Amino acid sequence: MLPPGGGLLWLGLVLGSVCASVGSAAPGNSATDALNVLLIIVDDLRPSLGCYGDKLIRSPNMDQLASHSLLFQNAFAQQAVCAPSRVSLLTGRRPDTTRLYDFNSYWRAHSGNFSTIPQYFKENGYVTMSVGKVFHPGISSNHSDDSPYSWSVPPYHPSSEKYENTKTCRGPDGELHANLLCPVDVADVPEGTLPDKQSTEQAIRLLGKMKTSASPFFLAVGYHKPHIPFRYPKEFQKLYPLENITLAPDPQVPAGLPPVAYNPWMDIRRREDVQALNLSVPYGPIPADFQRKIRQSYFACVSYLDTQVGHLLSALDDLQLASSTIVALTSDHGWALGEHGEWAKYSNFDVTTRVPLVFYVPGRTAPLPAAGDKLFPYLDPFDSISESVEPGRQAGDLVELLSLFPTLAGLAGLRVPPRCPIPSFHVELCREGRNLLKHFQVRDSEEDPYIHAQFQYQESPNSTLAEGVIGTVPERAK
């Protein structure tokens, strides 16, 4: 783990050697005309955003990004679990190919030496950098965030991450607890900061460093919130008074639901404030007043996250990088907020597999900003006069996060990796997702109407894999 700013010395040392590799970039993608890439990956973010039609959520900065972008209304993760989803989207391979359904294996050792998105950009002359939670930490990324394969410099993790699951939540009794609901006074928490704030600050420092580099960059920024525990600056609660918080529209466990399709949300049951409710297992239910508090805190975390995205994008403007940087924003999966009696991910329900997916491409999804103009001025979610912003363009087709790899490569002008053969364990560079360039008015005839999501259940030693086709895209006029 590097201290704040600790990666900058190392970055300066490697810039010279990385610049020498720019000549290996794909034809027509020289260092002078290559687009940079800023990839923002959020943890557990469902499409509860203003730009996706949610009238309650205050997310002005992500809405503003969407107003200059192509927004996919029906984007789905391959699996509603952090590590399998992240490895899948970053390699462009399905969990059945990476052989990762949990957190306990590293694909290069157990499946195949598959290339990743940042690795491919690195091999094509980019400086690749990781800030925050991009790969899932631990065994699934070889305890190194897949370094040195994917990254030009050591990945950065905020020093305050280690306090996320500790007793830092002030309860009604005045004592500190390890709670699910954890609004905090930032000045009182250890180090006086929070992980996502540190990640934003580090990402902005790296952008400033890369502004003067001759090499293009690929910067991945991973935000923790709204992942549990809901630990966020307490002032964001004020955006969502409890009297305005409704229960989920379908809060009951569906009659006849097979047990394999339900997850008993054990991860939140371990939190002290939830333990105090003495809930029955597996179905609960959670008392209605506490349900509202969970939903309130999730929404508050989304607005807190929005401020961090806003500061990051505003810096892109300030550094005059908005006209030369692709911005992609997505999530590893969604999260159930009481729908079907669920309070977790770990299922194939729409609310856990559907994710936001937004691409800003300068000159393509929005005109290039004129000199002195700002595309992404910071917007304060507490500003009561801020107006809702409509997305720039929308696509309704069903798409998968597998498509991130070929789409980012194509948008950046790199050669799009070929389709994977079946099987493809022996092939290092290929992709199982279809290219989405046709949605950006780039000719691409690929069609794949089936979207797959799956989940590994481990209720017994002989665990089963629940898998399903989410939907089929009808033919429609393009």
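This is a predicted model: local features need pLDDT of at least 70, side-chain atom pairs count only at pLDDT 80 or more; totals for chains, interfaces and linings use all residues.
Me: Which element gives the most residues to the largest nonpolar core?
Reply: The largest nonpolar core holds 79 residues, and those touching the most other members are Leu38, Ile40, Leu180, Leu219, Phe230 and Ile294. With 13 residues, the element that gives the most to this core is H10.

Me: How many residues are in the second, separate core?
Reply: Apart from the core in which Phe230 is one of the residues touching the most other members, there is a second, separate core, which includes Ala34, Ala83, Ala328 and Ala412. The size of this second core is 45 residues.

Me: Are H2 and H10 parallel or oblique to each other?
Reply: Two packed helices are described by the angle between their axes and the distance between the axes. For H2 and helix H10 (residues 288-318), the axes lie 7 Å apart and the angle is about 55°. The two helices H2 and H10 are therefore oblique.

Me: By class, how many nonpolar residues does the contact of H2 with H10 have?
Reply: On the side of H2 the contact is made by Pro60, Asn61, Met62 and Leu65, while H10 brings Val302, Leu305, Asp306, Thr307, Val309, Gly310 and Leu313. Sorted by class, the contact has 1 charged residue and 3 polar ones, and the number of nonpolar residues is 7.

Me: What covers the buried residues of H2?
Reply: Helix H2 is mostly covered, with 8 of its 8 residues buried, and these are Pro60, Asn61, Met62, Asp63, Gln64, Leu65, Ala66 and Ser67. The elements that cover them include strand E2 (70-76), H10, E9 and strand E11 (357-360).

Me: How many residues apart in sequence are the parts that Lys133 and Asp43 tie together?
Reply: The side chains of Lys133 and Asp43 meet in a salt bridge, at 2.7 Å from N to O. Lys133 lies in the loop between strand E3 (127-132) and strand E4 (169-170), and Asp43 in the loop between strand E1 (36-42) and helix H2 (60-67), so the parts that this pair ties together are apart in sequence by 90 residues.

Me: How many residues apart in sequence are the parts joined by Asp44 and Lys345?
Reply: Asp44 and Lys345 form a salt bridge whose closest N and O atoms are 3.3 Å apart. Because Asp44 lies in the loop between E1 and H2 and Lys345 in the loop between strand E9 (325-331) and helix H11 (350-353), the pair ties together parts whose separation in sequence is 301 residues.

Me: Which residues do salt bridges that share partners join into one network?
Reply: Arg86 forms a salt bridge with Asp332, with 3.0 Å between the closest N and O atoms. Arg86 lies in helix H3 (residues 82-91) and Asp332 in the loop between E9 and H11, so the pair ties together parts that are 246 residues apart in sequence. Through salt bridges that share partners, one network joins Asp43, Arg86, Lys133 and Asp332.

Me: Is Arg86 buried or exposed?
Reply: A residue counts as buried when its relative accessible area is under 20%. The relative accessible area of Arg86 is 0%, so Arg86 is buried.

Terms used: Residues are numbered from 1 along each chain as its sequence is written. Side-chain values use heavy atoms; hydrogens and water are left out. A salt bridge is a side-chain nitrogen of Lys or Arg within 4 Å of a carboxyl oxygen of Asp or Glu. Helices (H or I, at least four residues) and strands (E, at least two) are DSSP runs, numbered from the N terminus. Buried means under 20% relative accessible area, exposed over 50%, partly exposed in between (1.4 Å probe, protein chains only). Axes are lines fitted to C-alpha atoms, for helices over the stretch in contact, and angles run from 0 to 180 degrees between N-to-C directions. Angles under 35 degrees count as roughly parallel, over 145 as roughly antiparallel, 65 to 115 as roughly perpendicular and the rest as oblique. Contact means heavy atoms within 4.5 Å. Ala, Val, Leu, Ile, Met, Phe, Trp, Tyr, Cys and Pro count as nonpolar, Asp, Glu, Lys and Arg as charged, and the others, Gly among them, as polar. A nonpolar core is a set of buried Ala, Val, Leu, Ile, Met, Phe, Trp, Tyr and Cys residues joined through side-chain atoms within 4.5 Å.
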